Amino acid sequence: MRQELPFGLMYVMAQDKRAMQHFARMNEQEKNGIIEKARGAMSEAELKLIVMSLSDGTSAVENS
């Protein structure tokens, strides 16, 4: 099942090309994990940490 990206995640990810590229290469299960993590984020700073983990090639889901 494909989920829509939360606006906050899209906004923060749009500022980081590497994060967008890494996200695009993920499989659906990995993408859904990131989306769920982003939906649970309590602040923009937390969203930025999730996106930064994508940018450097690690998974924010695995680190939780």
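These notes go through a predicted model, from its overall make-up to single residues and pairs.

1. Overall make-up. The protein has four helices and zero strands. Read from the N terminus, the order of elements is α-α-α-α. Of its 64 residues, 38% count as buried. Among contacts with a separation of 6 or more, 66% are between residues 24 or more positions apart.

2. Helix 3, length. Helix 3 covers residues 28-39, which makes twelve residues.

3. Helix 3, buried face. The buried residues in helix 3 are Lys31, Asn32, Ile34, Ile35 and Ala38. Viewed down the axis of helix 3, the buried residues fall within an arc of 160 degrees, and therefore they line one face of the helix. The cover over these buried residues includes helix 1 (7-13), helix 2 (17-25) and helix 4 (44-55). Note that the buried set includes Lys31 and Asn32 as well as Ile34 and Ile35.

4. Helix 3, salt bridge. Two salt bridges are counted in the model. One of them joins Arg39 to Glu36, with the closest N and O atoms 3.3 Å apart. Both residues lie in helix 3, and their spacing of three residues is about one turn of the helix. Arg39 has a relative accessibility of 45% and so counts as partly exposed. Glu36, with a relative accessible area of 44%, is partly exposed too.

5. Lys48 forms a salt bridge with Glu44, and here the closest N and O atoms are 3.6 Å apart. Lys48 and Glu44 are separated by about one helical turn because they are four residues apart in helix 4. Lys48 is partly exposed, at a relative accessible area of 38%. Glu44 also counts as partly exposed, at 44% relative accessibility.

6. Helix 4, Ser55. Ser55 belongs to helix 4. Its relative accessibility is 16%; the limit for buried is under 20%, so Ser55 counts as buried. Leaving aside residues up to four places away in sequence, Ser55 touches Asp16, Arg18 and Ala19.

7. Phe7 and Tyr11 both lie in helix 1, at a spacing of four residues, about one turn of the helix. Phe7 counts as exposed because its relative accessibility is 64%, whereas Tyr11 is partly exposed, with a relative accessible area of 47%.

Note on methods
Residues numbered from 1 in each chain as written. Predicted model: local features only at pLDDT ≥ 70, side-chain atom pairs only at ≥ 80, totals over all residues. Heavy atoms only, no water. Helix = DSSP H or I, 4+ residues; strand = E, 2+ residues; numbered from the N terminus. Expected span 1.5 Å × (residues − 1). Buried < 20%, exposed > 50% of the residue type's maximum accessible area, 1.4 Å probe, protein only. Arc of directions from axis to C-beta. Contact = heavy atoms within 4.5 Å. Salt bridge = Lys/Arg side-chain N within 4 Å of Asp/Glu carboxyl O.
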